[in-house]
Amino acid sequence: MSLPWHDHADALPPPRTLADVAARLRARAVLMSHTAGTPHLGSCLSCADIVAAAYWRVLRLDPQRPEAPERDRFILSKGHAAVTLYAALAHRGFFPASRLATYNGNGDALAEHPGPGCAPGVEAATGSLGHGLPMALGMALAGRIQGRNHRVYALLSDGECNEGSVWEAAMLAPAQRLGNVCVIVDYNKWQATGRSDETLALAPLRDKWASFGWSAHEVDGHDPDALAALMDRLPDGSGRPVALIAHTVKGKGVSFMEDDNNWHYRIPKAEEAAAALKELGQEAMLAATPMVRA
Amino acid sequence: MRNAFADEITRLAGADPRVVLLSGDIGNRLFDPYKAAAPERFFNAGVAEANMIGMAAGMALSGLRPVAYTITPFITTRCLEQIRVDVCYHRAPVVIVGVGSGLGYASLGATHHSCEDMAFLRALPGMTVIAPADAWEVRAALRAALAHDGPVYLRIGKKGEPQVHTGVPTDFAIGRGLVVDEGDGICLLAAGTILPVARDTAALLRDQGFSVRLVSLHTVKPLDTALLEDSFARFRAVATVEEHSLIGGLGGAVAEWLADRDPLTAPPVRARLARFGTRDEFLHTAGKQGYARAHFGLTADAIAGRLAALAAV
């Protein structure tokens, strides 16, 4: 069985597995970072399996009706991984994948962080950390008031858990018994300038969320099938919101980027991007993409 | 004013199922009638204002009309970035209500004063800023705010403020000043609960033979530019009066407007501008609201004295 993949010039066969989807999202992120010269690639790569699981397995969405009131919501609270979200939305069919080619150009709607209404399927503007979860709670409470049972997912970074507003929201959600809210923390162990567990005392992260009243689980953040199974089990019957602590590797999928925090800001050169796509098994995408940045 | 707010929001929530009230753990018993009428649309968001504003934005993006309420500095400066990003950037129709604005909580100390809130919120793109003068204007402003398709900040007082109007002003509209008394010599433009002080000022000036126009310029953004054009063209002096810093509030907005008029096309200005507000300092002493106003020269005597001298020149 193949999965949907809306293409433009790549002429790729449809993917068969979530892992294949994630590899393609990673390759697309590398190319967009290279072409547009934009940073945060390590963070874009660490969350690719989570995003693939969400958009290709979990979320009840119709790309043809992106504003359907009953849709599930996915908020990329770690807005600096916008490229992964844009790639997912485009290749899932929310907008033409050709739009990715002009990403971050002067006057283009797709910027380094997602703006409000910048593209179909983008639920909220993010970029300043600690904003996505409170907005997600508002959307979940709205669903309750309006008699809808949509689910709301918020993808946070571990560095983002530095923000006090995350923990304000973390206390409110169980108090309101928001069992249709799921937080996924992309726990790649780095933030912009240091180890996340050393910058602020983040660990034990699962225990923190559990002690705040969440149904908290640790999961391999690079096992999209395991992620999808946990994300889809929402509400999980406990009456509590769900927190998934997804253990990930920053820069995952490209050996010379993995766990190297220089790739928080570095932009891949043409030969680095080419090597990354080969390692990701995306030679076909590489062949279809002109390399412009030496 | 807060009782009028609580009563009016209860009525509006009864009439519109999209209305939601969020409170930052204040208003003990105040919202009991609301909670009885619409329990599923009331949330005590706790002492967590950033999350409260984010939630309100999420609700607005889902088609609801949330109203978020707590003490002014905590719902403005405390969570300014949430207002900027979650509300204004999304053009989300959230009504933000600050209670005890200006020096309304004078005796609680400067942590609870808000003489900078309008400056901050006025600078946010798309934000409407309204400072109702009395309980009647609170009702009118809340109705207008919920009918407005965009973010609105309502800067209200506390309780027991003197009334200026005798009922809900039927001609209340966002961006349109309410002329309380007409005149043609000195024009007093007041925003918020200081309006009764401006009214007393007008009485003192009239005793000295001046003809005084008194305006409730409740909407500080967007300004009533037609009223300003008329006032600056016809009057000898125009004064702004507010319980807010001279930096960035009503007086700041009017001065900006005056400076930015196109000198080639705008009608000539006759009036001198005088601005009355709080100085660039915190209040470090205890006292009631009247004491705090006097500290900043916001009394009818002080204002009338300066204006009489100005208009006589």
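Start by selecting Pro235(A), which sits in the loop between helix H9 (224–232) and strand E7 (242–247) of chain A. Helices (H or I, at least four residues) and strands (E, at least two) are DSSP runs, numbered from the N terminus. The model is predicted: local features need pLDDT of at least 70, side-chain atom pairs count only at pLDDT 80 or more, and totals for chains, interfaces and linings use all residues. Residues are numbered from 1 along each chain as its sequence is written, chains are lettered from A and ligands numbered from 1 in the order in which they are written, and side-chain values use heavy atoms, with hydrogens and water left out.

**Backbone stops in chain A**

Show the backbone at Pro235(A): the peptide bond that joins Leu234(A) to Pro235(A) is cis, with omega about -5 degrees. Next select Pro204(A), in the loop between helix H7 (196–199) and helix H8 (205–211) of chain A. The bond from Ala203(A) to Pro204(A) is also cis, and its omega is near 0 degrees. Then go to Asn104(A), in the loop between helix H4 (82–92) and H5 of chain A. Asn104(A) is not a glycine, yet its phi is positive, about 65 degrees. Most residues other than glycine have a negative phi, and most peptide bonds are trans.

**A salt bridge**

Select Asp259(A) and Arg195(A), which form a salt bridge with their closest N and O atoms 3.0 Å apart. Asp259(A) lies in the loop between E7 and helix H10 (270–279) of chain A and Arg195(A) in strand E5 (residues 194–195), so the pair ties together parts that are 64 residues apart in sequence. A salt bridge here is a side-chain nitrogen of Lys or Arg within 4 Å of a carboxyl oxygen of Asp or Glu. Over all chains the structure holds 29 of them.

**The interface of chains A and B**

Now display both chains. Contact (heavy atoms within 4.5 Å) involves 22 residues from chain A and 24 residues from chain B. Together the two chains bury about 1900 Å², 65% of it on carbon and sulfur atoms; buried area is the accessible area (1.4 Å probe) that two parts lose on being put together, summed over both. Pick out His131(A), Ile145(A) and Glu168(A), which supply 30% of the area that chain A buries against chain B, more than any other three residues. Helix H5 (132–145) and helix H6 (164–175) of chain A each supply at least two residues of the side that touches chain B. The largest share of that side, 8 residues, comes from H5(A). Between chain A and chain B the count is 0 salt bridges.

**Two pockets**

A pocket is an open set of points on a 1 Å grid over the protein atoms alone, where a 1.4 Å probe fits, with protein on both sides within 12 Å along at least five of seven lines; lining residues have an atom within 4 Å of a point. For the largest pocket, select Glu67(A), Arg71(A), Val122(A), Glu123(A) and Leu61(B), the nearest to its centre among 20 lining residues.

For the second largest pocket, move to Cys115(B), Glu116(B), Ser245(B), Glu281(B) and Phe282(B), the nearest to its centre among 22 lining residues. Helix H6 (residues 117–122) of chain B gives the most to this lining, with 3 residues.
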